Structure formats: structure tokens, C-alpha cells
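Please look through the structure below before reading on.

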Amino acid sequence: SLVDLLAWACAAEDSRADTLQGGAVAATRAAVVEALALVEQLPGASQLDLEARSTQVVLSTPVAAAGLLLWLGYQLSSQAHYESAYTSTATPLYLKLASLVAEGQPLLAQRILDVMLAALECLCKTAPELQQEILGIAIVLLRNGHVEEVMTFADQWANGKAHPDPSLVRYFLTKLLRITEPPYSHFFASAVIRLMSLAGEPVDAREHLVEFVESSLYAEYNPPLSKEDRSELVKISRRLHLSH
């Protein structure tokens, strides 16, 4: 069957049949079957035993997790999903599953961010609580080291067709600044400055904001921050009544 072929393709050490690991193939096949069974339960579901062994098998097996994420992406990037009273109730569960994939499968980070961006674009200015959950998944990925991917995602979200409310951008900045510390990379600092230029400074993270501004102002970046970025940073510093 196709499931068998997929399991063999994913569990093989190389293309020679005598090096295939039967145990790994069997485990991969079982995980793919569990993934298929899982997505059959999901439409319209609002609860799921996330600690169940079958669910954990799916989340811990890369090919099964990738398949689950593909299915979740199809749902979360569909406007019809949010317009249906039947399927929209399952959105928090779908986001929880996406978050678990983000935590367990770092190689799927970019695909997860693509799904989250599509979901935010569908939601636009509606359902801020759901949007906060989505941004929380991006923060998980940032914490796990995917800095450039997450900051690129944030830039695309803030400046794209999602047209987020500025308060949501500041919410994201608050969460972001609370889990980061100096030294900040040039890429990160520039991305944060642009987000603040767009939405303003996050007032709920003053201590972390001050740390970011002071560090970025005096960092010896090579190349240096652009004139626009540095000018914005100085303006923020003045608004915070910092000496420089």
C-alpha cells in the first residue's frame, strides 16, 4: 500500500533493501496509520486526549507529524473553516496540536510558520484571542532558536495582508522581549525596531525594552544598523527618557 511505501521510504538508511530496518519501518508505518486515524477524529472536535499514546506516536514521528501539520494547515488557512460553526470550534485544538508539533519537530519550523501566517491572514482583525495563541506558537519556535525564521514571519504578518491591530503587534513584542536578552543579532534588532516603528513600544515590558534599546544603541554591528533603524531607536530611547 501507499502507507507501506511511505514507511519504507522514510525509515530506510539508504536505497539498498538489505540495509532497511524492519523495526523502524514497522514503527513508521504504525505512526502514519495513527496520523490518518487522528485526522479522521478532528473535524468539529473540541477535545482530544493529547496524552494518549497514539497521539504521542504521531507527534514524535517526523513523517507522521508532517502529515498532521499538512492537514492542520489546510484547515487553518481556509476562510471557510472559520466561517463554519461546526469546524471553527475545533480551532483551539488545532492550534494546540500545531504547538506540540512546533515543540517536538524543529525541522518543521518554517512550515509551521507558513501555516500560522496563513491562519492570521484569514482571521485578519477578528478573534484576537486565537491570534494570540498563534503568536504564542511563533514564540515557542523563537525560544527554540529559529530567530530569523520567526522574525521574517513577524515582518510578513505585520506588513502584509493580515493588517494586524497594533495592539497585537505590541503583544508579540512583549512576549518576544521577555524571552530574549543581549547581545541581540543585527537581524533581530532591526526586525524588532521595524515592528516598534509600525505599532509602537510594548508598555508592559519596559524593563526588557530598556535593555533592548540600550544594548542595540551601543552594539558594534557590522554592518551597522541602517540610518532609519538607528533614528527610530534614538526616538524610542528619548520616549523612554534614557540618556545616550
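Which helices do the buried residues of α13 pack against? This is a predicted model, and in it the buried residues of α13 pack against α11 (166-178), α12 (186-199) and α14 (227-239). The residues in question are Leu209, Val210, Phe212, Val213, Ser216 and Leu217. Seen down the axis of α13, these buried residues fall within an arc of 160°, so they line one face of the helix.

Helix α13 covers residues 206-218, and at 1.5 Å a residue its 13 residues should span 18 Å; the end C-alpha atoms are 18 Å apart, so the two values agree.

Next, take the pair α13 and α14. Their axes are 10 Å apart and the helices pack at an angle of about 140°. Angles over 145 degrees would count as roughly antiparallel, so α13 is described as oblique to α14. The crossing of α13 past α14 is left-handed. On the α13 side, the contact is made by Phe212, Val213, Ser216 and Leu217. On the α14 side, Arg230, Leu233, Val234, Ile236 and Ser237 take part.

Now turn to the loops. For most residues other than glycine phi is negative, and most peptide bonds are trans. Some places in this model depart from that. A cis peptide bond joins proline 182 and proline 183, with omega about -5°; proline 183 lies in the loop between α11 and α12. Another cis peptide bond joins asparagine 222 and proline 223, with omega about 5°, and proline 223 lies in the loop between α13 and α14.

The loop between α8 (109-123) and α9 holds cysteine 124, which is not a glycine but has a positive phi of about 50°. Alanine 127 lies in the loop between α8 and α9 too, and its phi is positive, near 45°. Are these residues buried, exposed or in between? Cysteine 124 is partly exposed, with a relative accessible area of 26%, and alanine 127 is partly exposed with a relative accessible area of 26%.

Technical notes: Residues numbered from 1 in each chain as written. Predicted model: local features only at pLDDT ≥ 70, side-chain atom pairs only at ≥ 80, totals over all residues. Heavy atoms only, no water. Helix = DSSP H or I, 4+ residues; strand = E, 2+ residues; numbered from the N terminus. Expected span 1.5 Å × (residues − 1). Buried < 20%, exposed > 50% of the residue type's maximum accessible area, 1.4 Å probe, protein only. Arc of directions from axis to C-beta. Contact = heavy atoms within 4.5 Å. Axes fitted to C-alpha atoms, helices over the stretch in contact; angles between N-to-C directions. Parallel < 35°, antiparallel > 145°, perpendicular 65-115°, else oblique. Left-handed = near helix turned anticlockwise from the far one by under 90°.
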